[in-house]
Amino acid sequence: MGQFFREGQILIWQENQQKVWLQPWGKNGLRCQSNLVGERLNLPQALLENGHTSLNVDIEIGEAHAVIRCGSIQATVSRKGSICYTNARSGAVLLEEPADPPYYAPPNRHFLPRNGRLFRIEAWFKSQPGERFYGLGQHQHGLLDQKGCVIELKQRNTEVAIPFLISNRQYGFLWNNPAVGRVELGNNATRWVADGSQQLDYYIVCGESYAEILESYADVTGRTPPLPDWASGFWQCRLRYETQDELLQVAREYKARGLPLSVIVADFFNWSRMGDWRFDPACWPDPAGMVRELEDMGVKLMVSVWPTVSPLSENYAMMRERGLLVNSEYGIDAFQVFLDNDIHGPAYLAYYDATHPEAREFIWETIQKNYYAQGVRLWWLDSDEPDATPWNPENLRFHIGNGVEVANIYPLLHQMAFYDGMRTAGETEIVTLSRSGWAGSQRYSSAIWSGDIASTFEALQAQVRAGLNMAMSGIPWWTTDIGGFHGGDIRSHSFRELMVRWFQYGIFCPICRLHGHRMPFKGDLPRSGAENEVWSFGEDVYAILRELLFLRERLRDRKSVV
């Protein structure tokens, strides 16, 4: 049997080497941590360190069990160490570990040793009849209620792993761990798994409504800054505008037709080399002049920035020497095989290490010198899962740990680099568009989109549920490529129908953005795909999309967009 202790406002249970700490965290929330080393470890995680509170906390230690209450949530811990979370006001059970698991079953908190300091960590909870689960980021399974699903906790293109869910039993649960793993929402049990970690860490919050739960969650992971007025307007993008003149001609055409346009995007390969993080002067000879002309039209320029670094980049050697690149446990640091400007054949690319403070500082300084100084203020953070191929996190060595332990936090720290850089530069209207994210991304003004999805009606259907679950994950600013990314032929009648239906959905999304790699292609990448402007799909479609653009404008309340 275990022993109970109290340290200030923390309830501690210990048996043999395992310790459990239960601590009040924010309004109506508790944080649970457990490990085998006897003291809490300060590890990468999502919760803000000032999230704990000293209000409305009670701890009672008895012979058979101990209780801790924080506002409307209560945890009861037995001498055997099983935990049951209840609503302190109604007594309703929220979440509970098996009280007396069979002798042959794994323990409720299971620490299986791996190499070095890491453990495979499991947390088991009882399954409740009729329970439904929402959130957990963005996934393409097409489901809203994820009860019965196995959800991989691993960042991928189109799959965003945010380990926060909301239950219809009126609680929210954050797996406060950036390790690669999964959650199994079975009918016989719920199991959270970290494939490699040093400590179990989660947060649970109680509320009378989903809105109250999300409000409390935002208090402890960070609130979203206000969305600037212009960001709720229409964003025009395609793969890709190859030159400054081509991009400007499109913006001029929007204005000549009297169409609303807030943002236009310079997609990838605007740079000289991957990792130079500057415009290719052959295609973009006067970026500052381009930005000024766009601003005069009331249009802002967003520029695609990738975290990849080519060995041919002017920055690669220095970054490698200073340890600012993601390294490998075995082999070389070529984690993505893609292409780059003026390279015949594949390009073998490294990733800058967003978990390294000096690397974050360096990339922002470079962006500030080469893009920001030209007037650019908006950043498209593409391929920031990171999109390593093959995706073997065990072989990635980040500044803060092995990939299996910390890889999921990469997009959040990448977003932080740009948000902090912009704040330091004095900017207040900050928005980044990101292909990935993690718990807390909302505090860095990050809008997330659903990645390189197919141009199909099935994909459109899946996006509706994916977007709702992102909202339930605490991410308010989200969007899709209107029309999908892959496989849309602008000559096809079925694709034109899809474009209309997707546009009808897209104007009601938080961010309204047209993008995609359209057919017929002009040639192999990095050549552009076909045109992708609202007038590119025939006059009948254009008439509908034009009216929808003005409907979006009528829906916008310019004085109170938040």
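Mentor: Start with helix H3 (residues 287-296): its buried residues are Pro287, Ala288, Gly289, Met290, Val291 and Leu294. Buried here is under 20% relative accessible area, exposed is over 50%, and partly exposed is in between (1.4 Å probe, protein chains only). Helices (H or I, at least four residues) and strands (E, at least two) are DSSP runs, numbered from the N terminus. Bear in mind that this is a predicted model, where local features need pLDDT of at least 70, side-chain atom pairs count only at pLDDT 80 or more, and totals for chains, interfaces and linings use all residues. Residues are numbered from 1 along each chain as its sequence is written, and side-chain values use heavy atoms, with hydrogens and water left out.

After H3 comes Gly298, with a positive phi near 80 degrees.

Helix H2 (244-256) leads us to Glu242, which sits in the loop between strand S19 (234-236) and that helix. Glu242 counts as buried because its relative accessibility is 16%. Skip its neighbours within four places in sequence, and Glu242 touches Cys283, Trp284, Arg527 and Ser528.

Trp284 also belongs to a cluster linked by ring pairs, together with Phe279, Trp364, Tyr371, Tyr372, Trp379 and Phe418. Rings of Phe, Tyr and Trp (its six-membered ring) pair if their centres lie within 6.5 Å; planes under 30 degrees apart are stacked, over 60 edge-to-face, and the rest tilted. One member, Tyr372, has the charged end of Arg377 over its ring, 3.6 Å from the centre. For that call, NZ of Lys or CZ of Arg must be within 6 Å of the ring centre and within 35 degrees of the ring normal.

Back to the strands. S20 and S21 sit in an open, parallel sheet of eight strands, ordered S31-S30-S29-S26-S21-S20-S19-S32. At its edges, strand S31 (478-479) and strand S32 (512-514) each pair on one side only. Two strands pair if DSSP finds at least two bridges between them. Strand S26 (residues 378-381) and strand S29 (residues 432-434), for instance, pair in the parallel sense over three bridges, and Leu381 stands opposite Ser434 in S29.

How values were computed:
Contact = heavy atoms within 4.5 Å.
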